[in-house]
Structure formats: structure tokens, C-alpha cells
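Hi,

Here is the structure I promised to pass on. Have a look at it first, and my notes follow below.

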Amino acid sequence: MDHLKNGEVNMAITFAGGVILGADSRTTTGAYIANRVTDKLTRVSDTIWCCRSGSAADTQAVADIVSYHLGMYATMEGKQPTVGVAAGLFQEICYANKEQLSAGIIIAGHHPSHGGSVYSIPLGGSLHRQSYAIGGSGSTYIYGYCDSYWKENMSEADGIGFVKGALREAIKWDGSSGGVIRMVVLTDKGAKRLLFLPDQGYEGPGDT
């Protein structure tokens with residue numbers, strides 16, 4: 001039996017007030033759609049979330065391990081970990097087990113001292129800090145879109161529009177991507193979750 005795959009498009013961007021993560025919701029088993037409404041945006045600490053692509057089991061296990069260590073870090077240090085600390089933990093696990101794992105991870109978060117930041121870990125376990133990152137099979141269809149429409153220091157509304165537009169294009173062209181669009185907006189006010197439905201043209205309902 002084929003492994004469950006988060007197959008898939010996800011992304012994260014920085015904007016003027018923090019970061020936005022977004023993903024589709026389709027999970028496949030070979031040519032079959034195993035789940036139409038998967039939540040691929042995973043909280044690993046109060047201010048840090050990740051997008052998961054690749055093997056669902058692998059990415060869930062890695063995220064659970066990192067979440068545990070970040071919780072221990074916050075307890076022992078008496079402060080919230082930075083996004084760089086979380087990204088380093090993800091990278092250490094993914095690189096050390098690169099022959100066994102099928103995991104692409106995008107880490108994004110907001111820290112009071114450092115603002116918003118985004119890190120990408122593709123297959124193989126390398127670590128890259130970027131203004132925005134895209135991943136999954138659907139990402140190959142939206143490099144041009146992102147290059148054309150990306151702007152530094154966008155407003156929150158413009159950032160949400162950029163992420164939604166990119167994910168809609170990926171869902172349109174990639175057979176392994178589909179379902180609803182989920183987003184998480186991380187700012188100094190905390191996390192805000194958004195949901196956009198295909199039967200409403202991905203225009204709403206918005207806040208969840």
C-alpha cells in the first residue's frame with residue numbers, strides 16, 4: 001500500500017506585521033484521495049507553526065518531536081524560542097534521517113525581538129531562510145506567479161491575497177492539490193486562522 005502523502009501545496013510569507021502560512025487540504029494515497037480536508041498547518045509553539053509536505057506520517061512525527069523540545073526549551077529557559085531555534089531543530093532531525101524521511105517542512109513564526117521570519121527545509125535536510133517559501137508538488141506551477149506578484153513588506157490584507165492567489169493557481173493546475181485553503185496569520189497579537197472554501201470561489205468564510 002502506498003504511503004499517505006500530503007500531496008500538496010503549501011507556503012509561508014513574511015509581511016509587515018508578521019508571517020502568513022497557507023496550504024491546501026488534499027492528502028493522497030497513490031492515485032486515490034484519502035482525505036479532502038487535511039490540516040497541514042501544525043502548531044509547534046505559541047508563536048511558531050509549520051507547513052508539512054511529503055509523507056504524512058514522517059512530517060507529523062518530526063513536528064511532534066520538535067514541539068516537545070520547544071516546550072522543554074520554554075520551560076527551562078523561561079522564554080519563548082525563536083523561529084531560528086525551531087528551524088535548527090527541524091533541520092537537525094531531517095538531515096540526520098534524510099535517507100529514511102520523505103519530509104519537506106516550512107517553518108514560520110513571529111518573535112517579539114526578531115519579528116516575522118520564514119525558513120524552508122526541502123528534501124535532503126538543508127536549511128534556507130527566505131522572505132517567502134513554497135513547497136509540495138503544486139509549488140512547481142506557481143514559481144512564476146510568486147515572482148511576478150511578490151512584494152516585500154506587504155500589508156496583512158495584501159499578504160492574504162497573495163497567498164490565496166498562489167494556492168488557487170496551484171490547485172487549478174496540480175492534480176495532487178485541492179480541497180479548502182487554510183491559513184494562519186501570526187503577529188504580535190497571536191495566531192489567527194482563516195478558511196476559504198472552493199464552493200465559494202475561495203472567497204470565504206475567512207476567520208474561523
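Leaving aside its neighbours within four places in sequence, which residues is Phe162 in contact with? With contact meaning heavy atoms within 4.5 Å, the partners of Phe162 are Met11, Ile13, Tyr145, Cys146, Tyr149, Trp150 and Met154.

Before the rest, a word on the model: it is predicted, so local features need pLDDT of at least 70 and side-chain atom pairs count only at pLDDT 80 or more, while totals for chains, interfaces and linings use all residues. Residues are numbered from 1 along each chain as its sequence is written, and side-chain values use heavy atoms, with hydrogens and water left out.

**Cores**

Phe162 also turns up in the largest nonpolar core, which has 24 residues. Seven residues come from α4, which gives the most. Apart from this core lies another, of 17 residues, including Cys50 and Phe90.

(Helices, H or I with at least four residues, and strands, E with at least two, are DSSP runs numbered from the N terminus.)

**Asp58**

Asp58 sits in helix α1 (residues 56–77) and is buried, at a relative accessible area of 19%. A polar atom of its side chain lies 2.9 Å from the backbone nitrogen of Ser102. Beyond four places in sequence, Asp58 is in contact with Gln100, Leu101 and Ser102.

**Pocket and cavity**

On a 1 Å grid over the protein atoms alone, a cavity is a set of points where a 1.4 Å probe fits but cannot get out, and a pocket is an open set with protein on both sides within 12 Å along at least five of seven lines; lining residues have an atom within 4 Å of a point. Grid points are joined across faces, edges and corners, and a volume is the space filled by probe spheres set on them.

The largest pocket has a volume of about 280 Å³. Of its 18 lining residues, the closest to the centre are Ser120, Pro122, Ile134, Gly135 and Tyr143. Strand β11 has the largest share of that lining, four residues.

Cheers

Key:
A nonpolar core is a set of buried Ala, Val, Leu, Ile, Met, Phe, Trp, Tyr and Cys residues joined through side-chain atoms within 4.5 Å. Buried means under 20% relative accessible area, exposed over 50%, partly exposed in between (1.4 Å probe, protein chains only). A polar contact is a pair of N or O atoms within 3.5 Å; within protein, one must be able to donate a hydrogen and the other to accept it, and residues adjacent in sequence count only if both atoms are side-chain atoms.
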